[in-house]
Amino acid sequence: MKAWEQFIDLHEESLGKAATDKWLRSLKVLHFDAGNLFLEASDPFQIMWFEEHMRKKVKEGLFNNNNREIKVHLSLAKVAKPLLKKSKKSPKKPEEKPFALTFDELDTHSTFNTFLPTDENRFAQEALKEAISTAKDAHPVFNPLFLYGKVGSGKTHLLKAAAKALQDRGLRPIYCRLETFTEHVVSAIRMGEMSRFREAYRTADALLIDDIDQLGRKSATQEELFHTFNTLHVQGKQIILASSCPPKDLQHIEPRLVSRFEWGLSIPLTPPSKDSLKKILAERAQMLNFSIKPRIVDFLTDTFPSSPTASVRALEALALRSHIEGIRTQMAQVNLSLPEAAKLLSDLIKDEEEKTLTPEHILKTVAEHFGIRKDDITGKSQTRECALPRQIAIYLCRTKLSMPYMKIGDLFGRDHSTIMSSFKLIQKGIDSSDPNIAPIVSFLDKRIG
Ligand SMILES: Nc1ncnc2c1ncn2[C@@H]1O[C@H](COP(=O)(O)OP(=O)(O)OP(=O)(O)O)[C@@H](O)[C@H]1O
């Protein structure tokens, strides 16, 4: 496939020939349709390496002749040693026809077996298992099942586990993220293939949609979801949805959909506690055949406290990087010390630190934006070159961190009333849509996060 070959050639210079051959050229091209490239990896580390090093680059740099993004789907070769026992069912072959609905893939580690039951999530797991065991045989008692919880509470894991368990029962569930459902609606409309879209979704044995809170104001998607929901519901097909909030808090979603989401059972999920997260990491390491000392597990949970997702990703990165490093230096993975682990994860740790919002981070972002030094912002200079960035930084410290004026004054070496008047000046600029102030503050506000 030409675009893929060109993409590989382009990256050979920075990766080197050996790495390019080992990690990219050895990926087997299974199939290509207009927007999707299916590749097969020979071992799990190749997939992890790709996700870590190439996923972003592919998204930004792999396009077809019509300049549309090509999505890369990676699977593990059947002969390869899987991380977990795989289902006996062979994966569905992608369709050959021009309009192909490609659904999100299930992964080998998101199963019920690998989901650690905690007091907070036990009920959700039981409800899902019950729904799966009776799916298709009886009208579901609770339909839909609506899982909701914060980032990292295990929604995606449970949804994929449920889809996998349904497949193992010989049923044909559809699992997809809302983004995929939306893409399908949009391309079906564009290509005049609505009947094929409907046939695919409405004949499924169960429908599982993740990130339903991202429905937003897309009216065509809401319309199709509404009819898909009704058709499946009337037939007694189980519907399982996941969202960051309960149905009543969903934004911009038609009331008729919200009320349907409330027909069944809504189940809250809570992110795992620190102790549970440690157990999750230890089990994940075992699945990866990665020997990890408890104190490195502690280090991961302390370093990536904001979300289980980040800790799990860091663990996977550590397993991959120490595997590569081990090949290079003969270093035994088993002996990985804390400083070695920290070194291998230094970029991820830096990213994590930057995510924590501090006055330092605000100063750094504002200074970088205006091309001046942090010291210029807190320094004495009254030139406009320094004064405007300073006033904006003061404004952002107040609005983003709710810092008291006195504290901001200490940070900027100015008295309380100067800080207040800087704040008011920027606020006035925003309120009056001053082109020299409002767009910059809005941009920096988003950038700071
Ligand atoms: N109880 C659990 N047992 C095992 N792994 C878990 C558990 N809870 C979360 N995880 C793991 O933590 C990571 C984050 O979970 P997941 O992606 O399912 O969260 P989420 O609620 O879908 O978050 P988001 O809202 O960001 O999509 C995953 O790697 C998942 O496998």
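The model is predicted: local features need pLDDT of at least 70, side-chain atom pairs count only at pLDDT 80 or more, and totals for chains, interfaces and linings use all residues. Residues are numbered from 1 along each chain as its sequence is written.

Start with the whole chain. The protein chain holds 21 helices and eight strands. Helices (H or I, at least four residues) and strands (E, at least two) are DSSP runs, numbered from the N terminus. Of its 449 residues, 32% count as buried. A residue is buried if 20 or more other C-beta atoms lie within 10 Å of its own, exposed if 12 or fewer, and partly exposed in between, with C-beta atoms placed from the backbone. Contacts come next. Two residues are in contact if their C-beta atoms, placed from the backbone, lie within 7 Å. Among contacts between residues at least 6 apart in sequence, 71% join residues at least 24 apart.

Now take the sheet of three strands. This open sheet has the order S1-S2-S3, with mixed pairing. Its edge strands are S1 (28–33) and S3 (71–76), and each pairs on one side only. Two strands pair if DSSP finds at least two bridges between them. The twist averages 20 degrees from one strand to the next. Axes are lines fitted to C-alpha atoms, for helices over the stretch in contact, and angles run from 0 to 180 degrees between N-to-C directions. Strand S2 (residues 36–41) runs parallel to S3, and six bridges join them. Leu39 stands opposite Leu74 in S3. Helix H3 (residues 44–53) lies across S2 and S3, and runs at about 155 degrees to S3.

Move on to the sheet of five strands. It is open too, with the order S5-S6-S7-S4-S8 and parallel pairing. Strand S5 (173–177) and strand S8 (265–269) form its edges, each pairing on one side only. Here the twist averages 15 degrees from one strand to the next.

S5 pairs with strand S6 (residues 206–210) in the parallel sense over five bridges. Tyr175 has Leu208 in S6 as its bridge partner. S6 and S7 pair in the parallel sense over four bridges. There, Leu208 stands opposite Ile240 in S7.

Leu147 stands opposite Ile267 in S8.

Two helices lie across this sheet. Helix H5 (residues 122–134) lies across strand S4 (145–149), strand S7 (238–243) and S8, running at about 140 degrees to S8. Helix H7 (residues 178–190) lies across S5 and S6, and runs at about 100 degrees to S5.

Finish at the ligand. Where does the shell around the ligand lie relative to domain 2 (128–269) and domain 3 (285–353)? Both domains give residues to the shell, so the ligand lies between them. Domain bounds come from an automatic or database domain assignment. There are 20 residues around the ligand, and Leu116, Gly154, Lys155, Thr156 and His157 come nearest. A residue is near a molecule or strand if its C-beta atom, placed from the backbone, lies within 6 Å of it. Helix H6 (155–168) and helix H13 (308–329) each supply at least two residues of the shell. By type, the shell divides into seven nonpolar, 12 polar and one charged. Ala, Val, Leu, Ile, Met, Phe, Trp, Tyr, Cys and Pro count as nonpolar, Asp, Glu, Lys and Arg as charged, and the others, Gly among them, as polar.
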